[in-house]
Amino acid sequence: MRNVTLEAVFLHPITQRYLKRSGVAHAIAVAEHAFVLAEQYHVNPDHATKAALLHDVGHYTWYREGKWDYDMYRKNDIHAIKGASRAHKLLIRIGEDRQVAKEIAVAILLHTDSYLPTGELQLKPLQQVVHLADEADEESGGNHHYRRIDDKVALERVQLLDKKIEQWLRMNGMKHII
């Protein structure tokens with residue numbers, strides 16, 4: 001049984017504040033990719049979709065002379081660090097299991113290597129799912145953060161993911177949970 005639905009996470013004012021900054025359409029698309037990848041990687045789709053939905057809540061904008069400066073952003077980015085902290089605090093606040101909240105936060109922390117020293121990390125399956133789901137929706141120059149989605153459509157897509165997660169959990173029980 002889930003403590004918190006994806007819809008509850010999505011509708012929370014803190015989530016809305018930061019998703020509007022980083023791109024609601026991108027966050028939902030990444031959550032949808034994560035749901036599909038979760039089965040392949042034997043990961044709980046509830047955890048995967050929550051981490052994917054929240055993966056960019058640490059974003060802030062880098063502007064120079066009134067224009068988005070993608071190069072400056074890439075050079076100075078720590079959004080995964082900030083996002084992991086924000087997501088963990090939010091999930092605990094709305095009643096998520098503490099261990100699940102920690103696993104989700106770590107997956108958010110490791111969804112990108114843009115701030116890490118060069119070298120290869122050994123990602124756990126949940127971390128790999130969020131990383132791959134994010135890559136699947138990326139566009140050059142960060143354009144994926146600027147796609148628009150109607151609020152009603154966004155909520156409908158999140159509600160559909162919740163239904164799919166519930167169905168998956170009923171059919172699979174807890175045997176694939178990581």
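Biologist: Which residues touch the most other members of the largest nonpolar core?
Modeller: Phe10, Leu53 and Leu54, out of 42 residues in that core. A nonpolar core is a set of buried Ala, Val, Leu, Ile, Met, Phe, Trp, Tyr and Cys residues joined through side-chain atoms within 4.5 Å. Buried means under 20% relative accessible area, with a 1.4 Å probe and protein chains only. Note that this is a predicted model: local features need pLDDT of at least 70, side-chain atom pairs count only at pLDDT 80 or more, and totals for chains, interfaces and linings use all residues. Residues are numbered from 1 along each chain as its sequence is written, and side-chain values use heavy atoms, with hydrogens and water left out.

Biologist: Which helix gives this core its largest share?
Modeller: Helix 3, with 9 residues. Helices are DSSP runs of H or I, at least four residues; strands are E runs, at least two; numbering starts at the N terminus.

Biologist: What does Leu54 touch?
Modeller: Val9, Thr15, Ala87, Leu90, Leu91 and Ile108, leaving out residues up to four places away in sequence. Contact means heavy atoms within 4.5 Å.

Biologist: Leu54 is in helix 4. Why is helix 4 largely enclosed?
Modeller: Because 10 of the 10 residues of helix 4 (residues 45-54) are buried. Among them are Asp46, His47 and Lys50.

Biologist: What caps its N-terminal end?
Modeller: Asn44 caps helix 4 there. A side-chain oxygen of Asn44 lies 2.7 Å from the backbone nitrogen of Asp46.

Biologist: New topic. How many cavities of 30 Å³ or more are there?
Modeller: The count is 1. The largest cavity has a volume of about 30 Å³. On a 1 Å grid over the protein atoms alone, a cavity is a set of points where a 1.4 Å probe fits but cannot get out; lining residues have an atom within 4 Å of a point. Points are joined across faces, edges and corners, and the volume is the space filled by probe spheres set on them.

Biologist: Which residues line the largest cavity?
Modeller: Ile14, Thr15, Tyr18, Leu54, Val57, Arg86, Ala87 and Leu90. Helix 2 (13-22) and helix 6 (79-93) are the elements that give two or more residues to this lining.

Biologist: Last one, the whole chain. How many helices and strands?
Modeller: The protein chain has 9 helices and 2 strands. Along the sequence the pattern is α-α-α-α-β-β-α-α-α-α-α. Buried residues make up 48% of its 178 residues.

Methods:
1 Å grid on protein atoms, 1.4 Å probe; cavity = no way out; pocket = protein on both sides within 12 Å on 5 of 7 lines; lining within 4 Å. Buried < 20%, exposed > 50% of the residue type's maximum accessible area, 1.4 Å probe, protein only. Polar contact = N/O pair within 3.5 Å; in protein donor to acceptor, adjacent residues only side chain to side chain.
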